[in-house]
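This report describes selected local and packing features of a two-chain model. The sequence and structure are shown first, and the description follows.

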Amino acid sequence: MAALLTLDSLAVARGGIAILEGVSFALGAGQALVLRGPNGCGKTTLLRTVAGLQPPLAGRILASPDIIAYGAHADGLKATLSVSENLAFWAAIYGQSHRLAPALAAMNLEALAARAAMSLSAGQKRRLGLARLLVTGRPVWVLDEPTVSLDGASVALFATALRAHLAEGGAALIATHIDIGVGEAVTLDLTALKARSPEAGGVRGGFDEAFT
Amino acid sequence: MIALLLRDLRLAVRAGGGFGLSLAFFLIVTVLVPFGVGPEGGTLARIAPGILWVGALLACLLSLDRIFALDFEDGSLDLLATAPIPMEAVVSIKAFAHWLTTGLPLVLAAPVFGVLLNLPGPAYPWLVLSLAIGTPALSVLGAFGAALTVGLKRGGLLLSLLVLPLYVPTLLFGAELIKRGAEGGATAVPMLFLAGITAACIALVPFASAAAIRVNLR
């Protein structure tokens, strides 16, 4: 089975300083990988690199174009639009408008559909942010702390959605501190992959990083 | 892409979207200038084209920092960058939405404001024409400035300093077009220059804006 997403000895930098190196793994259909590590160890930076928001310092990311759906800390919601308008926008961007109703149902947002996003609670906003993943129709979810501010029932909702996604041949790369309740997920601890200093043979993060 | 345009337009007219703000600012400028300059009709009529164009420029500037800053703050710019639309298209559409909510109302309302400045009669069609041709360049160049300053706190002032010099050619030819039109002179040259500047901006500047956004998102 061909891997959907392969990282080949990837090194990533934040602010011109290498923070992770030698990250290698392959993610195939139906697999979920959970990234763990202390604050500031480079989980978010790694996810942003995989999502294509910043270039890797070294190494390669092998993935077909347009397969990654990125879910960041921020949900990208517009306060003055309603729940369904927010979601319909992303569904239209990804050309998947038929997924709108199932996504609302999967995240238990149907009762809130007409509510303006500004009047949602933090957990409800998060659920709307996660529903966005369902309307992208993309196979690889790259998620940054997806279950922050969710209650137990909502975490279970997310776990159900994630299992369904994996069962359909999707994959997920998730950075989290909280147990997401998907037992089959493999865990990768990033602590051991902390970048060495350049003197010790690590990758040097150039000053001109922004211009390459 | 239509979805993005519709969303931006919808956000602009919802509460706090800032639609109409530029128009109100334009109105205030054109009301204040006669108070400052004095009531002599001749003086006003002579400076009216310039005042109207400077007013349009400043009104346009007011809402520029919102083009990307709001999307950056709530995280949707990151998500748009990973969406299946090229960043160049995102930038162009957001600039177009900005023009529809700022530039177009100015074009349509300008004749009314021209009355306040005692603009001579033959100048009115040229006023509308020059603003219609010139203001798209203001939005596109403004989007470039907004893209450069997107990650900065209080980037609005820096944005003005960056963008206003870029507006000079449009201002020169726009005001010149109205002046010549009012006097019945040859209008082809300033009109072609104005249109050429706008066309070049629309064609080229989105690439620079998209590159600036990509660097700022890192």
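## A loop in chain A

A:Glu145 lies in the loop that joins strand S6 (140–144) to helix H5 (152–167) of chain A; helices (H or I, at least four residues) and strands (E, at least two) are DSSP runs numbered from the N terminus. The model is a predicted one, in which local features need pLDDT of at least 70, side-chain atom pairs count only at pLDDT 80 or more, and totals for chains, interfaces and linings use all residues. Residues are numbered from 1 along each chain as its sequence is written, while chains are lettered from A and ligands numbered from 1 in the order in which they are written.

Although A:Glu145 is not a glycine, its phi is positive, at about 50°. A:Ser149, placed in the loop between S6 and H5 of chain A, is likewise not a glycine and has a positive phi of about 65°. Most residues other than glycine have a negative phi. A:Glu145 counts as partly exposed because it has 18 C-beta neighbours inside 10 Å; with C-beta atoms placed from the backbone, a residue is buried if 20 or more others lie within 10 Å of its own, exposed if 12 or fewer, and partly exposed in between. A:Ser149 is partly exposed, with 13 other C-beta atoms within 10 Å.

## Helix packing in chain B

In chain B, the axes of helix H1 (residues 2–13) and helix H6 (residues 87–116) come within 9 Å and cross at roughly 40°. Axes are lines fitted to C-alpha atoms, for helices over the stretch in contact, and angles run from 0 to 180 degrees between N-to-C directions. The contact has 9 nonpolar, 1 polar and 2 charged residues, where Ala, Val, Leu, Ile, Met, Phe, Trp, Tyr, Cys and Pro count as nonpolar, Asp, Glu, Lys and Arg as charged, and the others, Gly among them, as polar.

H6(B) also packs with helix H7 (residues 124–148) of chain B: their axes come within 8 Å and cross at roughly 150°. H6(B) is therefore roughly antiparallel to H7(B), a term for angles over 145 degrees. The residues of this contact divide into 17 nonpolar, 7 polar and 1 charged.

## B:Thr135 in helix H7

B:Thr135 is located in helix H7 of chain B and counts as buried, because 27 C-beta neighbours lie inside 10 Å. B:Gly103 is 32 residues from B:Thr135 in sequence, yet their C-alpha atoms are 5.6 Å apart in space. Leaving aside neighbours within four places in sequence, B:Thr135 is in contact with residues including B:Gly103, B:Trp99 and B:Leu106; contact requires C-beta atoms, placed from the backbone, within 7 Å.

## Nonpolar core

The largest nonpolar core has 129 residues, of which A:Leu87, A:Ala131, A:Val140, A:Val142 and B:Ala147 touch the most other members. Such a core is a set of buried Ala, Val, Leu, Ile, Met, Phe, Trp, Tyr and Cys residues joined through C-beta atoms within 7 Å. H7(B) gives the most to this core, with 13 residues. Beyond its neighbours within four places in sequence, A:Val140 has contacts that include A:Leu4, A:Leu27, A:Ile67 and A:Leu173.

## Contact between the chains

Across the interface, 21 residues of chain B are in contact with 20 residues of chain A. On the side of chain B that touches chain A, H1, helix H5 (76–81) and helix H10 (188–217) of chain B each supply at least two residues. H1(B) gives the most to that side, with 5 residues. By class, the residues on that side of chain B are 11 nonpolar, 4 polar and 6 charged.

Terms used: Contact = placed C-beta atoms within 7 Å. Parallel < 35°, antiparallel > 145°, perpendicular 65-115°, else oblique.
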